[in-house]
Amino acid sequence: MWMDAYGVAFEQQDAEAAAALFTPEATYQWGPFGETLRGPGEIRAKWEEASDPPATPVPFDYEVIAVTETIGVARWLATHSYPSDGKRFRYDGIFEVALDGDGLCTSFREWWNTREEPLAAST
């Protein structure tokens with residue numbers, strides 16, 4: 001499933017694996033006001049730019065909320081922990097994904113909220 005492959009790319013912070021999930025003409029937008037990326041090259045470059053690998057594994061989970069003939073919507077959850085900084089970041093968001101007949105993404109939009117916590121207070 002596409003979401004499983006995206007989750008692996010996210011957990012490994014693997015820009016190449018993420019870009020491979022998209023068609024050559026795909027669009028990718030972070031947040032309602034984020035720039036629209038076009039194609040795997042721009043997607044890979046943005047992932048590389050945004051990547052700040054945490055010191056600990058990055059758990060990623062999701063649940064599919066809705067599926068139509070053209071779009072799937074999923075809630076996603078992730079956590080980045082940085083022990084040297086004593087911080088943990090929790091993410092809770094929504095993906096809107098359109099796939100082609102080969103299972104590659106043609107259109108991707110996401111929205112999320114982030115909470116920063118002291119690492120010692122997080123369980």
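Predicted model: local features only at pLDDT ≥ 70, side-chain atom pairs only at ≥ 80, totals over all residues.
Six strands form an open sheet. Their order is S2-S1-S6-S5-S4-S3, and the pairing is mixed. S2, residues 36–38, and S3 are the edge strands. Each of these two pairs on one side only. On average, neighbouring strands are turned by 20 degrees against each other, direction ignored.

In general, strands of a sheet pair through backbone hydrogen bonds, in either the parallel or the antiparallel sense.

S3 spans residues 60–67 and S4 spans residues 72–82. The two run antiparallel and are joined by 7 bridges. They make a hairpin, with 4 residues between the strands. Within this pairing, Glu63 has Arg75 in S4 as its bridge partner.

S1, residues 22–30, pairs with S2 in the antiparallel sense. This pairing has 3 bridges. Here Thr27 stands opposite Arg38 in S2.

## Helices against the sheet

Helix H1 covers residues 2–12 and packs on the sheet. It touches S1, S3, S4, S5 (87–99) and S6 (105–118). The direction of H1 makes about 150 degrees with that of S3.

Helix H3 covers residues 39–50. H3 lies across S1 and S2. Its course runs at about 40 degrees to S1.

## The second largest pocket

The second largest pocket holds about 230 Å³ of space. Its lining has 15 residues. Val67, Ile71, Gly72, Val97 and Leu99 lie nearest the centre.

Which elements each supply at least two residues of this lining? They are H1, S3, S4 and S5. By type, the lining divides into 11 nonpolar, 3 polar and 1 charged.

## Aromatic pairs

How many aromatic pairs does a search of the whole structure find? The count is 19. One of them joins Trp2 and Phe108. This pair is tilted, with 45 degrees between the planes and 5.9 Å centre to centre.

Trp2 lies in helix H1, whereas Phe108 lies in strand S6, so the pair ties together parts that are 106 residues apart in sequence. H1 also touches S6 as part of its packing on the sheet.

Notes: Residues numbered from 1 in each chain as written. Heavy atoms only, no water. Pairing = 2+ DSSP bridges. Axes fitted to C-alpha atoms, helices over the stretch in contact; angles between N-to-C directions. Contact = heavy atoms within 4.5 Å. 1 Å grid on protein atoms, 1.4 Å probe; cavity = no way out; pocket = protein on both sides within 12 Å on 5 of 7 lines; lining within 4 Å. Points joined across faces, edges and corners; volume = space filled by probe spheres on them. Nonpolar A, V, L, I, M, F, W, Y, C, P; charged D, E, K, R; others polar. Phe/Tyr/Trp six-rings, centres within 6.5 Å; stacked < 30°, edge-to-face > 60°.
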